[in-house]
Amino acid sequence: MTDQLAVAVVGASGRMGSQACAAVEAADGLRLVGRYDVGDELGDLGGADVVVELTVPDASPDNVAHCVARGVHCVVGTTGWTPERLARLEERLAQAPSARTGGPVGVLVAPNFAIGAILMMRFAQTAARFYESVEVVELHHPQKVDAPSGTAARTASLVAAARAEAGLGDVPDATTRDELGARGALVDGIPVHSVRLRGLVAHQEVLLGGVGEMLTIRHDSFDRESFMPGVLAGVRGVADHPGLTVGLEHYLGLD
Ligand SMILES: NC(=O)C1=CN([C@@H]2O[C@H](COP(=O)(O)OP(=O)(O)OC[C@H]3O[C@@H](n4cnc5c(N)ncnc54)[C@H](O)[C@@H]3O)[C@@H](O)[C@H]2O)C=CC1
Ligand SMILES: O=C(O)C1=N[C@H](C(=O)O)C[C@H](O)C1
């Protein structure tokens, strides 16, 4: 029993957190030692080796800082990790004590745990240099508090970097009047559109356009079950990935 990895979940009463608790409880080699939600004192996190953090963008950095300062690895699914927040987290990691499991503390920030979503981002990144136009459409359940989704923001950033590396300029767009914002948000110059619709869970399309053709890369999460293998892969792998890692692809041999 003692060689089991002790895991706590922060945001344990939420849609993702409750499912993550059940997944940890059912997983070989893992032991759920704590469930925390809003208002709970995190304290020593029930002796956890690894915390799964699934809360809200405004709470996540402080929760993660609390874990890092106590030598607890973190697997973070919460969105809203701006470059500035990530930079502050890296500073905290540089000053962190040794992990309870030994060695340096690891933090995984994963915009999406679903394997198909990770592949969608990778395929979009690969395709980006071949197309003059690209737009991202993300579609989610109406309870979602943030827009655009973390996955869409990450996809747009990866695509923009691939375009820049290939020497592509701005996406073509003759719009000169858009008082209502109908052309969507721009993330690193890539238009991103957010749909919130009853009945949906988490979906995204990357539309790539060239002369006389379009490539659509689409991923659908129909159930939050789709995220759980990725959560567990993060929990099992985080101690072997010291420091900050952004994106579960780096745990899956997709570097
Ligand atoms: N990386 C991924 O694959 C996925 C990430 N997400 C993200 O995970 C986050 C949570 O999503 P949902 O579970 O759908 O939201 P939710 O609203 O159902 O759950 C959030 C939970 O966090 C709790 N919470 C809020 N502030 C807190 C604090 N300071 N300390 C502890 N708990 C706190 C809330 O009470 C709630 O129970 C969102 O940022 C969402 O975008 C969601 C699905 C998949
Ligand atoms: O809030 C959600 O539901 C999801 N959030 C993440 C995001 O913002 O990308 C991951 C997934 O899309 C579901």
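Author: By class, 3 nonpolar, 7 polar and 1 charged residues make up the shell around ligand 2. Here Ala, Val, Leu, Ile, Met, Phe, Trp, Tyr, Cys and Pro count as nonpolar, Asp, Glu, Lys and Arg as charged, and the others, Gly among them, as polar. The model is predicted: local features need pLDDT of at least 70, side-chain atom pairs count only at pLDDT 80 or more, and totals for chains, interfaces and linings use all residues. Residues are numbered from 1 along each chain as its sequence is written, chains are lettered from A and ligands numbered from 1 in the order in which they are written, and side-chain values use heavy atoms, with hydrogens and water left out.

Reader: Which residues are around ligand 2?

Author: A residue is near a molecule if one of its heavy atoms lies within 4 Å of it. Around ligand 2 these are Thr79, Pro111, Asn112, His140, His141, Lys144, Ser149, Gly150, Thr151, Ala202 and Phe227.

Reader: Which polar side-chain atoms lie by an oxygen atom of ligand 2?

Author: A polar contact is a pair of N or O atoms within 3.5 Å; within protein, one must be able to donate a hydrogen and the other to accept it, and residues adjacent in sequence count only if both atoms are side-chain atoms. For an oxygen atom of ligand 2, the distance is 2.5 Å to a polar side-chain atom of Thr151, 2.7 Å to one of Lys144 and 2.9 Å to one of His141. Of the 320 Å² of accessible area that ligand 2 has on its own, the protein covers 84%; such areas come from the Shrake-Rupley method with a 1.4 Å probe, and for residues only the protein chains shown count as cover.

Reader: How many residues surround ligand 1, and which are the closest?

Author: There are 22, and Arg15, Met16, Asp37, Ala110 and Phe113 are the closest. The side chain of Asp37 has an N or O atom 2.5 Å from an oxygen atom of ligand 1, and for Phe113 a backbone N or O atom lies 2.7 Å from an oxygen atom of this ligand. The protein covers 81% of the 860 Å² of accessible area that ligand 1 has on its own.

Reader: What volume does the largest cavity have, and which residues line it?

Author: Its volume is about 60 Å³, where grid points are joined across faces, edges and corners and a volume is the space filled by probe spheres set on the points. Among the lining residues of the largest cavity are Asn112, His140, Thr151 and Ala202. Strand 9 gives the most to this lining, with 3 residues.

Notes
1 Å grid on protein atoms, 1.4 Å probe; cavity = no way out; pocket = protein on both sides within 12 Å on 5 of 7 lines; lining within 4 Å. Helix = DSSP H or I, 4+ residues; strand = E, 2+ residues; numbered from the N terminus.
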